[in-house]
Each structure stands twice: as structure tokens, then as C-alpha cells.
Amino acid sequence: MAISGDKVILEIRDMSKEFGAVKALKTMQLSVRPGRVHTILGENGAGKSTLMKILAGVYQPTTGSIVLDGQPYAPSNPQDAARAGLTIVFQELSLCNNMTVAENILATREPSRGGFINDKALVRKAAELVKELGLPVSVTDQVGDLSIAQRQLVEIAKGLSIDAKVVILDEPTSSLSDSEAEILFEIIGRLKEKGVAIIYISHRMEEIMRLSDDITVVRDGSYITTRDKTEVTIAELIALMVGRDMNEIYPPRDVAAPASTEKPVLAVNGLSRSEEFENVSFDIRPGEILGFFGLIGSGRSEVMNTLFGMAHASAGTVAIDGAQVKITSPVEAIERRIGFVTENRKEEGLVLSHSVESNISMVALDGFSSLFGFLKRKRERDAAKAEVARLSIKTASLDTIAGSLSGGNQQKIVLAKWLLTKPKILILDEPTRGVDVGAKFEIYKIIRQLAAEGTAILLVSSELPEVIGMSDRVVVMSEGKVTAIADPDQMTPEKIMHFATGFAS
Amino acid sequence: EGIGASLLTQQHPFYNELAKAITAEAKAKNVSVEISIANQDLNKQLADIEDFIVKGVDVIIMSPVDSKGALAAVARAEAAGIKVITVDVPVEGAKVASYIGTDNYAGGVKAGELMAEQLGGKGEVAIIDYPLVQSVVNRVNGFKEAIAKHPDIKIVSIQTGITRAEALAVAQNMLQANPEITGIFGFGDDAALAAAVAVKSSGLTGKVKVIGFDGMPEAIKAVDADPDFVGVIQQFPDQMGKLAVETAIKLKAGEEVPAEQPIVPGVYTKKQ
Amino acid sequence: MSDKSAASAAFKQVMKQYGGIFLSLIVLCVIFSVTNGRFMSVANFLNILQQVSVIAIAAFGMTWVILLGEIDLSIGSIIAVAGMVGAQCFAFGMSFVPALILTIAAGALLGLANGVLTAKFLLPSFIVTVATMGIYRGMVSLPTNGAPAMIMEPSWTAIGTQSFIGIPIVIWVVAVLFLFNHILLSKTKFGRRAYLTGGNREAALYSGIKVDRLKIIIFMISGVMAAISGVLLSSRLFSAQTNAGMSYELDAIAAAVLGGTSLAGGVGTMIGTLIGALIIGVLNNGMNMLSVPYFYQLIVKGLVILVAVYLDVRSKRAKQ
Amino acid sequence: MSDKSAASAAFKQVMKQYGGIFLSLIVLCVIFSVTNGRFMSVANFLNILQQVSVIAIAAFGMTWVILLGEIDLSIGSIIAVAGMVGAQCFAFGMSFVPALILTIAAGALLGLANGVLTAKFLLPSFIVTVATMGIYRGMVSLPTNGAPAMIMEPSWTAIGTQSFIGIPIVIWVVAVLFLFNHILLSKTKFGRRAYLTGGNREAALYSGIKVDRLKIIIFMISGVMAAISGVLLSSRLFSAQTNAGMSYELDAIAAAVLGGTSLAGGVGTMIGTLIGALIIGVLNNGMNMLSVPYFYQLIVKGLVILVAVYLDVRSKRAKQ
Ligand SMILES: Nc1ncnc2c1ncn2[C@@H]1O[C@H](COP(=O)(O)OP(=O)(O)OP(=O)(O)O)[C@@H](O)[C@H]1O
Ligand SMILES: Nc1ncnc2c1ncn2[C@@H]1O[C@H](COP(=O)(O)OP(=O)(O)OP(=O)(O)O)[C@@H](O)[C@H]1O
Ligand SMILES: O[C@@H]1[C@H](O)[C@H](O)CO[C@H]1O
Ligand SMILES: [Mg+2]
Ligand SMILES: [Mg+2]
């Protein structure tokens, strides 16, 4: 079927949006055509999600207008949007943990007669949808029992189960590994063929170049430009987006990686936890960056949780500086100077309702208090201010509520609060999830700097280029087992994927 | 077998005395008795009585949570062939085997007369009441009736103070708003004891006469010792409890008992 | 044969989902049966069901509200209002049907007020219903100035005293309302929306659920259930008390939570609530049968609630 | 000059943060002053402060608990226990200081039980404290079988009756406890951790906060505050009542929530709670002074709470 490349299905004009004093959008415009993937590219906090939420009827714009399929469009709630043929997969997961996958996917659209739900048909229909999309989830599982990545897939299934003219995907791949992302790309391809317009948001440049037809760059709430994919390069896009040139993505090592003869700071031997992971062994030296790669559900996060004392091992030993330790709570882990940037920032990382400052100082609080536990507010403030500057966290003030920052900036706060504790061993579980390229580079620089100062870094990531670009060695996991510990000479994408899909070395 | 007694509460001195008397008399007469506490909830009282019926008691003594709502419980018991004696509060609309209680209205009149006498026939009076309980309503009505006969005595404030703590706050506030108050009538011992404390904490010792109702040991002591607490209308829950058990034993034996056994309230004032 | 296996499958299902609490109920029944010969009888069983009816029905309504992550502390006062509305209707010479309709409408109206204040004015339901608890309690006392009002209308009192096919009408009412609420919650779109909204309000909003409307309707359900409780209570007592139902909200919440309803919202069932209410009823009745003194009853009741909830929490954790 | 501007800055700060509720308090005071000449007097002001003392202190403890996202419904019963422990101590011939220590220790112990059941056994605090509310109430009644116990010890009753530099001791106690709680909450590590844990328990856990210990300590603070309330109450009444403090938990919660404490946890201040308690106290006192009948008082109190919380919620939303 031929699709007119000129027809515009969705047109946004002169849009602005204010949250009190915060101007999330200033002068925004957008023109989307059917059968094409239109990527919105911009730094963290540029206003991408805000724009999408306006389209989805969650927020109402302060000024501006939208035309959808030739009709003026001003949704006042998500139902209006759905009725008008627009569907969205949100950036921040919005599922009900207390319900099954099927119930979530078909929420409010359950097969029913006279108000009575046909549960068998519900499960069947959801299973069909999931199968059609090719997603590896079981529809009768409770969402609360799923990993972040699996939840992301459910979110996608939910969004795509509605027949729509316009599909919005707000960072759908931020917690997916390549193989699941691949499934999503296939789905997008099929949607395109059907003539659906897709608005796509991502911070992964390779993926953007592969998928997009049109790319709109936004900066600071304002529209910058729209380009045809074939007319731009990654470097140009990055320059447009951050307002300056950026030549490299991974900062090089200044200091050589520690020699393999050096004594490990952390040695893990035969660590197991029933039904989660088995016989996990590795060690890491001061100043080393040890990558952890695996497909979702391979058990990496569980290993890290166990190391940090949040879960208890059923077998195996952990030694720090050569001495065996038993860590049974985060308190003990922190006492041993372990830091842990968890993968689920919303639930485990931040107190969303509290200020940027008190989130940053949260773990290091002992350092900001005097004998009787009185807080030294100035010292606390100065430290928080320094972190905000160092990580270029985009926030109106230190007193801003963490929950009102954009996703990427929230991620930086989590990082900041651990940096303040000056850890000896720092676990980073998907530390750049949802972070823009510019900020990513900043985070990588900090990781490098920490390593140079002697911090041992465990870097869990589902982004293969990131793991390869940053790590000195890579632990590859598959189905709860370590299938390989790759040395630099083995660190090619092909080899690592090979181990990750279950072939032990 | 035995007697079942369902009491309105066990957290009020009057009912403490009543329960004590019932238990003591039953022990003396060697009959078994069990006591349920309705905690001022008529629904619980009904359930307690239903449970007595299932257990098969011979006679039920009850102090109704209120005079109207107790009808259902009495009907239940009677349908099961169990005779009911009410104590303290009568039941409206039902004929029980016997009612034992103070004539609260008459007691209220006595309180009013005592107040008038103490005030020398003129002054301003406040009342702490508890309008949810019929016996209290009756005695407050009696008090008002008696005061009405003295044109120079004015009732300036009527407020509700159910617990001792509430009564204390209410009394303080009434004294604050009406500094001319010279007399306070408390519907029960708790209210009157609290009023006496309020008089002192407002610095009005010697200027306000407090009169109470019930006359349990704590209040009797207070009348003796506290210059502001001038008198109390005395009920006799010990007599009521004893009489209730005696009546129950008679009923069990199939004897006739009087339908009403009023207990005349006393007036207790400072020993001269 | 297949009937038997279906029954045993159903039993297994109940045991799986309500293991902890169901066990508690059984254990209580066994203890009381052993210690008192009269406990285990049809008469006493009917007795318990009648006594528990007022709390059970209120607890059905409360379950909806808690499921949404809200709370309704005003139901005790609504129970009293319902009785008083009934009494006043008859005092004005109305007949049974209009009186009943007005009474239930009053419950719906008071629930509506709670719902609107919570959903539209965005006040926390705890504080809204603490406030309306006082307001409604004050209102109920106005017509009689605090005194009880007799209800002598035979059709009304029949509800609390008569039987139908050998089973007290009160129990029929509980059964019908249980089925109604159970089906509405577990089989319909409306129920599913309540679960979704209680689980994640934001997600529910994004899914296009009219969260405000849902909340208002659920507070109205709670008000109506409380009003029906009030009808049963006043019919059992032949009168309306201005202090009727005081603190019943706590018993209703306890029944729902004992039955596995989570105060965080999103989790709960009517079957669980019914079992929870039965535990409370069996406990009260059993201790009365054993002549446990009142203050000890308070202590034992608290301890049993703790143990039952603990067993339930533990059995649920073990399953994971 | 600079003093004046500092004061005006402080006033502006209070207005900014407590605008809605502070306004409500002022409006109430103005209304009562206009309608009753005797309302605005030093004597009545001291009067109100004394009357509000029991609720205010309990509400300080409740603020901590709510801040954590938990609730403590047992404080009314702990208030009664404290009075009874004091009375029994004197009955056994103890002297003032050990009696006071034992009383406060009792509060700490009962709070500890609440805390352990909530934190270690993972039971919801609502249900834990509904249960212990009954258990503690039962316990308090055992020594006297429900009857009140007189307290004639002059040092104890002095607390409720004597003054120090012209100001009743009760008010000094409130002031000291207010400062203590205010500083602990707003100026220390402990307070910060309470806020953070209330905001997101999981994140607190991952950040190395000993969440369980914190929770237990906070339930103990609540128990101790309730016990001190109980001391004041019994010293004001010269006796320990077994039904003392009944339903005070609701007043304490209302005071905290009026003062801006969020039942979801993580948000609240002691200043707010104090203002909230004052609103309740002024309201009760003012209506008594105007001889508003009891049932109307219930209604008005409910309405004022609704309006005050609404104004507060609205002023907070407008600021965003
Ligand atoms: N509800 C809100 N209240 C206040 N400020 C908000 C709110 N939502 C977003 N903002 C602000 O608006 C700006 C744009 O945020 P938005 O989430 O749209 O960014 P984004 O481009 O999606 O970033 P990211 O790539 O990190 O997801 C940010 O400064 C953010 O702090
Ligand atoms: N909260 C949870 N409850 C139950 N099971 C869980 C939970 N979180 C993870 N799992 C399961 O544990 C297994 C290991 O998951 P884990 O998150 O450790 O994997 P991972 O390699 O880190 O991958 P991911 O990218 O999903 O984080 C998976 O099967 C996952 O479904
Ligand atoms: O009649 C009783 C007593 O006389 C007591 O004064 C208080 O409660 C009432 O019900
Ligand atoms: Mg975004
Ligand atoms: Mg993971």
C-alpha cells in the first residue's frame, strides 16, 4: 500500500506548558506523517514527555493547538485521546502491581457482556495479543512479580493493543536489552506498514538512526529543527541537541586498568540463591570496572541485591579485602563502603515527594550531623549543591521536589547520593537508564574518575555498547549462571551475545 | 441455669457498685450469676441476652442501655420463657417481671430543692447533662422543675459532659463564660467531681456550690472533704443489686414479685 | 462424584486463598465447641449469624472503600442516621416501602457527600469521614434531642424478628448482599475498575477510568450498606438510638482486614471479609458462652485479631 | 528594628507554610471574640491551653507515627493505662519520681509492642493498634474492675493544678514537649530519617536507614507522649478513669492532619500539629462559651475541620 509521504496526520502549533514557575514547554511544534517513525530527540528535561502527555490528554497545554486528522484536537483526559485514535506507552511505568498481566493489558477493555467480565476470554485475548506482538511474558503472572524489563514489555503490550492512528512510545527500550528491543522494532515495522504514525522517544542513538524516518530535535522546551533521517549523522544530531560538538561517546581510560595480579577488593565465590541464581563467582580489584551483561531475567540484579544485603544467599561466600564477610542488610553493606544505584529509581532510589537536597544527602547523613545528631544544614547544602553542579542536574533549586524532575535528572540524583558516600565498591544497576547522550557522557566520565581514584565498579547494563565501551572485563550471565567472564580480547558484541544467550565458554 | 445479668457499662461508679452487689448477693444465696457488659451499645446488649438465652439461664437481670431499645431484648427473653428484671432504667412498652430503680425525676427535684436552699433562693445555675440516657434526662427535668419554683434562680447554661474529662472542660468553659454562676448540678458523680475541680482551677473556691447525683463512695468523701461539693443525691445500687438477685430467686421459685420496687433516693450533705 | 470433587476443589481454593484466616475461624469454632456444649448447635449458629449481620453488611461496604485505598469512618454514624430516618418516617405516618426507600436514599446521600469531598475537593478520606462521623452523629440527634425513638411498625420490626423458610430474614439479607457485592466485585467491569484504581490510581487514570466518579459511587455503596445495616439494627431493636453503631467502623475495618483486604488498596475480597466478620462474631459469642468477663474479652479479642492477621500475613508470604 | 523585621519574616514564613490553617485559627478566634466578650482574655487563653494539653501532646506523638505513613489508634487506651499505673503506684505507697518513671516506662513499653508488631511481624499498624487499643483498654480495667481509682498524691495532682511563674504547669509541659518534638523532627538526623522513610520506605531501606528500628522508636515516642498525656489528664482529674482518653486518637489524628500532616507519610510538622490542636481547643471552648447545644457542637466541629483542611489543601495547591 502506498502511503502519501506528504499528508500530515498530527500537527502541533505554538505549544507551551507551565507547571507553576517551571516552563516545561516554551515554543513547541511538530508535524507527524502516517506510516513514519518520528523521533523526538532532546536532553533530559527538554520537555519530550510533557509534550507526549499533552497529546495523551494527561496534561492540558498552557497555549497552543493540535490538529489530528484534520480535526482540532484537545483531549481533556486519556479517554478522549484513545477515542481519537491515539495511544501511548508511558515512560514511567504505570501498571497495577496487584493485578495480572492480562488484566493490565486489557484494563477497561475487558471482554464482557452486560458489565460481566468473561475471564477466560480475557486471558485468551491477552495471550493472543502478547503472542501476536511476540513478547516473552505470561499473561497470568502478577505484574508485581515481574522484573522492570518485563513490566516494560507489558506496558508496550498494553499500549499497542489498541488500534490507533498515532502511537507514542516514550523511551520504550530504556530498560530492555537488545533482543527484546529487536521484538519491539519488528512490531514498529508492522505498524508502519499499516500506515500508523509513530512518535518515538529514545536516548539510544544507534537505535534512533536505525528506526527513524523523521527526527525532531528539541532543546529547553523549544523546537529546534526537524530533519529527514537520511540527511543527518549522529554527530550532527548530538550537536543540535546539546548545543555543542561531542566527538566521543565513551571517555577513554586515563589510568591503566589494574593488573590482574593485584589483590581483589571483592571476591565472590559460588554465590547462590534458590530459584534466582546459582554458583556465581567473580572478583574485582580496586579501580576496576567490571561489566555485567545478560538478557533480562538473567539474574544480575538479584546478585547485586544479595551482595548489598537486601536478599540472603543460600550458598557461597563473599570476601572484602580478603576477609570473608556476611552482609545481611544494606546498613552493613554501607558500613563496608558499598554503594548501590538500583535499577528502579522510582521505587528504590528516590523519595519522590522530597527535595533534591534531602535525596542527595540521604545516605551520607552521618557526615552532615554533629554529636547529638543535629544536622549541619549549611554543610549539607553545600555538598548537595556541589553534586548538582558536578552532574549538571537540571533543577530549579535544591528545594525542588525530586518527583518533578525529568527522568534522566532523577537518575542523576540517585547517582549523586551514592557518590557523596565515597564508596569503595560501587554497584551501578542500569545507571544510564533514560539518560540523554550528553549526560551519559558525564556519567561515564564520573565512573572513569571514580575508578581512577580506586573505586571498584560493578556496572550492570543491558546496553551492550555501554558494557563494552566502559568495562575492563565483562561478567556474562544467562539464566542465573555466569556463562563467561570476558577479557578485553573477548569483548566483541558477537561473543558476548553468544555467552548471554546461554552458551558457556 | 442461674442468673444472667446484662449491665449498661462497667466503667461508671454506679454500675461498679451494682455489679459488686449482684455478685455478692448471688454468692451469699449460692446461685450462679454471670455478668455481661453492653458497653453502652444496645446491639451488644441484645446479643448478650441472646447468648444468655442460648445458654439457658433462668432469669435475666438487665440495666437497659435505653428505655426504648431494650424492648426487643425483653421480647426475645420472654419468647424463650425467661423472666426479666430491669434495674435502674425502666423499659417502655413491655411488661417485665419487676423494675427496680430510683425515681430519677423525684431525685432531680430533690437536687433542685437542695440547690435552691444552698443558694438562698437566688443565683445562676449551670447543668452538666448527658441527654442520651433516659434516667439522666428524667433527673435533669426534675431539677429544672424544682428550680422553676424559684424565680430568682436562673439556669444560664446546660452543656453535655459525659466523661469526667469532658465534664471538667465543659465546667471550666461555663464558668469562664458566666462568671456569675453560683451553682452547678452534675448529672452523675463524675460530672459533679469534675465540676468541683473546675471551680478550684478557676479560682472560685467558696463561691460556687456543686451538687451531684449517684453518691458513690468517692463522691461521698468529696462532699465530706471538699467545701465546694455541698451535696449529692444518693442512689443505692447496693440495695438495687441485692434486691434484684432476691427477686430473681423468687421468680425462679415461681413466687409472685411486685412489678415495681422503687428505691427512694437519699440526700447526702456535709456532716454538720 | 463430580459434584464432590467440585466441592473439594472449591474447598481447596478457599483454603489456598484464605488459608490463614479460615484456619483461625475453624480453630476458634473447635475451641468453643470443646469448652461449651451449647456452642455447636443450629440455634447458636443462627444466633451468631444474626449478631454478626450488622457488622458484616457494613464491612461489605467498607471493603469497597478500603480496596480503593480510602477509608470510611462515618459508617457508624450512618447506621444511626438510617434508624432515625426510618423512625421519623413512621412517625410521619409513612408506610414501609417509602420509608425503606428514604432510609436507603439517606445512606446514599451521606455517602455521596463523603465521596464528593474526597474525590472532588481532594481531601483525605480519613479526615473527611472523621468530620462527617461527627456531623452525621450530630444530625441524628436533632429530631429527638438525643433520645431514642421507638419503631412499632410491624413490617419494619419483622425484618429483625421473623423468619423465612426457617431462616431469620436478617440472615437472608446478609446472604443476598454478600452475593451482590461478591459478584459486583469479582465478576464485573465495575469491580475490576475498583481493583485497578486501588492498585494504582495514576495508572487507572491513564487507562481512562473515571476515577472520581468511581470513588463517589463507592462511597455511596458504603453509605447504602451502612444504611441497610442501620435498618437491620433498628428492626432488631424496635427503636432508633442516637448512639447506635458507635465505633462499628472499627469492627468493619477489622473484619475487612482480617479477611485479607489491604489498607494500601487494590487487594481484597468479599469472601475474606465475610470470614473476617464471622471470626469477630464467633469470638464475641463464644466468649459470652464461656462467661469470660468483659475486660478479658477485650484483651482476648485483640489478641485473636493479632494472631489471625499474623497467620494470614505469614501464609501469604510463604506462598510467594 | 531588626528584631521587628525578623519577627515579621518569621510571621510571613508561618503564613506561607501554614496559611490555610493559621487563617482558620484566627477567623475562629475573631468570631468567638465578637460573639462573646469573655472569650478574649488571658484567663480564657490559659484555660484553652490547659484543655488542649492532653490532645496536643498525644498529637505530637501521633505526628511522628503518621509521618512514617503509619497510624496509632491505641493512644487513647495508653492515656488511660498511664493514669492507672500512676494510681496503682501510689496505692502501693511509691513516691512521685518512681511512679512517674514507671508510668512513662509503661507508655514506652506499650508503644514498643505496637512497634514490634508493625515492624518485625509486618502487620499493618492500623490493625495492630485497633487490636492493642482493645487489649490496653481491657488491661487498664483489671486492677479496679472498671472503677475509677482516686489519686490523692499532692505532687501528682500539683501537675494539673499548680502554676509556675504564673503559668499553669500543664502549659509548661506542653511547651517543653512541643520544643522537644519540634527540634527532634526538624533539626536532627533522626527527624530527617523519619521524613525520608515516610516518603519512601523502600528507598530508605536501600539507603541504609534502619527502618525497623526507626519505626519501633517512633511507636515508642507515641506511647510515651500518650503516657505523659495520661499523667496530665489524671492529675487534672485527681483520678484514673478506666474510660479515660476514649476516642482521643481521633482528635489527635485530626489535629495532626489539620496541621498539614499527610496520612500518606513523609509530610508534616509539629508547628502545624500545634495549630491543629489549638483549632480543636478553641472550637470546643468557644462553642461551650456560646452554650451551643452538644449535638450542634458535633456538627459545627465537623464542618470546621472540613473547611480548615480544605483551605489548607487549596492554599498548598495554589502555591505549586
Ligand atoms: N508535573 C510536573 N511538575 C513540575 N515540573 C514538571 C512536571 N513534569 C515535568 N516537569 C518539568 O518539565 C521539564 C520537562 O520535563 P519532561 O519530563 O517533559 O522532560 P523529558 O524531555 O521527557 O526528559 P527525559 O529525557 O529525562 O525523560 C523538566 O524541567 C521537568 O522538571
Ligand atoms: N520483585 C520480584 N519478585 C519476583 N520475581 C522477581 C522480582 N524481580 C525479579 N524477579 C525475577 O527474578 C529473576 C532475575 O531477575 P533480575 O532482575 O535479577 O534479572 P536481571 O538480569 O537483572 O534482568 P533485568 O534486566 O530484568 O533486571 C527473573 O526471573 C525475574 O522475573
Ligand atoms: O441511671 C444511671 C446512673 O444513675 C448513673 O448516674 C449514670 O448512668 C445512668 O444511666
Ligand atoms: Mg521523559
Ligand atoms: Mg536488572
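## Reading two ligand sites in a predicted complex

Chain A is divided into domain 1 (10–242), domain 2 (264–337 + 425–436 + 455–505) and domain 3 (347–422), with bounds taken from an automatic or database domain assignment.

Q: What should I know before I start reading?
A: This is a predicted model, in which local features need pLDDT of at least 70 and side-chain atom pairs count only at pLDDT 80 or more, while totals for chains, interfaces and linings use all residues. Residues are numbered from 1 along each chain as its sequence is written, chains are lettered from A and ligands numbered from 1 in the order in which they are written, and side-chain values use heavy atoms, leaving out hydrogens and water.

Q: What ipTM and pTM does the predictor give the complex?
A: The predictor gives an ipTM of 0.88 and a pTM of 0.90.

Q: How do I read pLDDT, say for chain C?
A: pLDDT is the predictor's confidence in each residue, from 0 to 100. Where pLDDT is low, the predicted coordinates should not be read in detail. Chain C averages 92, and 97% of its residues score at least 70.

Q: Which residues are closest to ligand 1?
A: A residue is near a molecule if one of its heavy atoms lies within 4 Å of it. Here 21 residues surround ligand 1, and the closest are Gly45(A), Lys48(A), Ser49(A), Thr50(A) and Ser404(A). By class, this shell holds 6 nonpolar, 11 polar and 4 charged residues; Ala, Val, Leu, Ile, Met, Phe, Trp, Tyr, Cys and Pro count as nonpolar, Asp, Glu, Lys and Arg as charged, and the others, Gly among them, as polar.

Q: How do I read the polar contacts of ligand 1?
A: Look for a pair of N or O atoms within 3.5 Å. A backbone N or O atom of Ser404(A) is 2.5 Å from an oxygen atom of ligand 1, and one of Gly47(A) is 2.9 Å from a ligand oxygen. Glu171(A) uses a polar side-chain atom, 3.5 Å from an oxygen of ligand 1. The protein buries 85% of the 640 Å² that ligand 1 exposes when taken alone, by the Shrake-Rupley method with a 1.4 Å probe.

Q: Why does ligand 1 lie between two domains?
A: Domain 1 and domain 3 of chain A both give residues to its shell, so ligand 1 lies between them. Helix 1 of chain A gives the most to that shell, with 3 residues; helices (H or I, at least four residues) are DSSP runs, numbered from the N terminus.

Q: How many residues of domain 2 of chain A are in contact with domain 3 of chain A?
A: Contact means heavy atoms within 4.5 Å. By that test, 10 residues of domain 2 are in contact with 7 residues of domain 3, and the domain centres, taken over C-alpha atoms, are 27 Å apart.

Notes. Polar contact = N/O pair within 3.5 Å; in protein donor to acceptor, adjacent residues only side chain to side chain. Helix = DSSP H or I, 4+ residues; strand = E, 2+ residues; numbered from the N terminus.
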